[in-house]
Amino acid sequence: MRIFAANKIYNMKQADIKTKIINRLEKFSTNKLEDVWNFIDRLEEENSNKKTLLSHAGTWKDIDDSLFEDLTTNLISRRKSGSSKRVK
């Protein structure tokens with residue numbers, strides 16, 4: 001794993017990284033710890049969103065070509081016409 005700090009790349013083991021993070025966090029004020037907590041929440045949310053999106057990967061791999069064409073290319077014109085035609 002690589003950590004970018006002061007424009008240098010350090011190769012460290014995961015345990016070393018965790019120890020260094022904990023040591024640095026112990027020096028933070030309560031306000032800064034709240035900022036770190038919020039940052040971690042955002043990272044977790046981004047990761048969760050990626051997993052959700054990736055769970056749909058390959059869903060359309062076996063879709064019929066004419067249906068795919070209808071769902072993609074013809075979608076804009078169908079929306080403009082106000083058509084309520086459903087693809088079956």
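These questions and answers look at the fold and surface of a predicted model.

Local features need pLDDT of at least 70, side-chain atom pairs count only at pLDDT 80 or more, and totals for chains, interfaces and linings use all residues. Residues are numbered from 1 along each chain as its sequence is written, and side-chain values use heavy atoms, leaving out hydrogens and water.

Reader: Which pattern does the protein follow along the sequence?
Author: Happy to start there: helices (H or I, at least four residues) and strands (E, at least two) are DSSP runs, numbered from the N terminus. The protein has 4 helices and 2 strands. Read along the sequence, the pattern is β-β-α-α-α-α.

Reader: Is Glu45 buried or exposed?
Author: Glu45 sits in helix α2, residues 30–54. Buried means under 20% relative accessible area, exposed over 50%, and partly exposed in between (1.4 Å probe, protein chains only). Because its relative accessible area is 52%, Glu45 is exposed.

Reader: Which residues form a nonpolar patch on the surface?
Author: A patch takes residues with over 30% relative accessible area and no salt bridge; nonpolar side chains (Val, Leu, Ile, Met, Phe, Trp, Tyr) are joined within 5 Å, like charges within 9 Å. A salt bridge is a side-chain nitrogen of Lys or Arg within 4 Å of a carboxyl oxygen of Asp or Glu. Ile40, in helix α2, is partly exposed at 36% relative accessibility. The nonpolar patch is formed by Phe39, Ile40 and Leu43.

Reader: What percentage of the 88 residues count as buried?
Author: Of the 88 residues of the protein, those that count as buried make up 5%.

Terms used. Areas by Shrake-Rupley, 256 points an atom, 1.4 Å probe, with all protein chains shown as cover.
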